[in-house]
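Reader: I am new to reading structures. Could you take me through one part of this one closely? I would like to look at the salt bridges.

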Amino acid sequence: MRFGLETLIDAELTAYAEESRQHNAARPAASGPADFEELRQARDRQADSGPPPSSRAVERLAEAGGRSVPVRIIAPRATTVRGVHLDVHAGGFYMGSAARDDVRNERLADALGAVVVSVDYRLAPEHPWPAAPDDCEIAARWLVEQAETVFGTSNLTLGGASAGANLAMATLLRLRDSGLVDRFAGAALQYGAYDLSGQTPGGRLYADEYFIPAYVGHVTDRTHPDISPLFGDLRDLPPTLLVVGASDILLEDNLAMAARLCAAGNDPDVRVYPESVHGFTSSPTTMAAKAIEHVGAWLTKRLGQD
């Protein structure tokens with residue numbers, strides 16, 4: 001069998017590759033913080049930038065099992081709600097917030113005709129693992145228990161980007177082990193980091209990034225599936241969409257996750273976007289717009305299946 005990136009890239013996307021190439025070349029060189037002081041400065045800069053919070057967003061506490069976590073809820077403009085999508089924001093486990101994604105989640109809610117619930121999980125290093133996956137599990141369990149009552153629908157999907165994709169996959173594994181994962185019709189994961197142990201070729205490419213010791217510096221075995229889902233038992237998971245750029249440092253990690261999902265008997269939908277770097281779906285490019293469109297169409301299909 002012949003296997004290569006060309007089999008995972010939609011040929012029509014090559015028409016937008018030059019625009020993405022030029023956009024990437026014009027971007028300033030970016031690197032993550034190297035220590036807590038740089039992280040603090042990065043958080044300050046992020047707080048002073050970005051779009052304002054949405055007036056459509058409603059804050060509340062999601063409660064399950066005697067624990068709670070704050071979430072932001074954005075309802076679609078459509079009068080008929082197709083389902084509820086649980087969103088886990090990006091940010092290297094140590095940055096970002098649910099509110100910062102309000103504009104993106106407004107668009108997603110309207111595109112899906114679904115309520116988007118974004119979980120404000122606790123951030124490292126102040127709250128290292130397992131705080132973040134604990135919070136995501138609470139939000140997911142709350143939806144399993146309360147979505148029908150609160151939103152009038154039990155159709156659920158899950159999604160996340162970068163660190164959020166890692167946490168979304170960890171949440172799926174926790175739900176599977178609790179017999180609840182079948183309540184979620186699908187998971188759309190964008191350029192996730194799935195090996196924080198540095199034990200695989202893909203994981204070694206980013207093993208020196210500060211977010212890893214900030215998040216799991218106290219953990220000896222980072223192959224724990226709750227930290228590095230690539231090493232987990234991936235059987236019996238819902239349909240999964242994996243989106244990643246061909247120029248992303250996490251490309252190998254995502255291809256490895258796709259292979260592991262297949263080996264476990266799942267059927268992941270893998271989509272690789274040419275001339276696309278990490279976080280590319282936040283870029284003002286046609287390639288990013290196409291990827292967002294693909295994610296929306298995939299989730300819409302999943303929400304249409306009761």
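Which side chain meets Glu275 in a salt bridge?

Author: This is a predicted model. The side chain of Glu275 meets that of Arg21, at 3.2 Å from N to O. Look at where the two sit. Glu275 lies in the loop between strand S8 (269–273) and helix H9 (286–303), while Arg21 belongs to helix H1 (residues 17–26), so the pair ties together parts that are 254 residues apart in sequence. Next, check the surface. Glu275 is partly exposed, at 26% relative accessible area. Arg21 is also partly exposed, at 36%.

Now take another pair. Glu37 forms a salt bridge with Arg40, and their closest N and O atoms are 2.4 Å apart. Both residues are in helix H2 (residues 36–47), 3 residues apart, which puts about one helical turn between them. Glu37 is partly exposed, with a relative accessible area of 37%. For Arg40 the value is 36%, again partly exposed.

A further pair joins two strands. Glu59 and Arg72 form a salt bridge, with the closest N and O atoms 2.8 Å apart. Glu59 is in strand S1 (residues 58–64) and Arg72 in strand S2 (residues 67–74), 13 residues apart. Glu59 is exposed, at 61%, whereas Arg72 is buried, at 8%.

Some salt bridges share partners. They join Asp134, Glu137, Arg141, Arg174 and Asp226 into one network. In total, the structure holds 19 salt bridges.

Methods. Residues are numbered from 1 along each chain as its sequence is written. This is a predicted model: local features need pLDDT of at least 70, side-chain atom pairs count only at pLDDT 80 or more; totals for chains, interfaces and linings use all residues. Side-chain values use heavy atoms; hydrogens and water are left out. A salt bridge is a side-chain nitrogen of Lys or Arg within 4 Å of a carboxyl oxygen of Asp or Glu. Helices (H or I, at least four residues) and strands (E, at least two) are DSSP runs, numbered from the N terminus. Buried means under 20% relative accessible area, exposed over 50%, partly exposed in between (1.4 Å probe, protein chains only).
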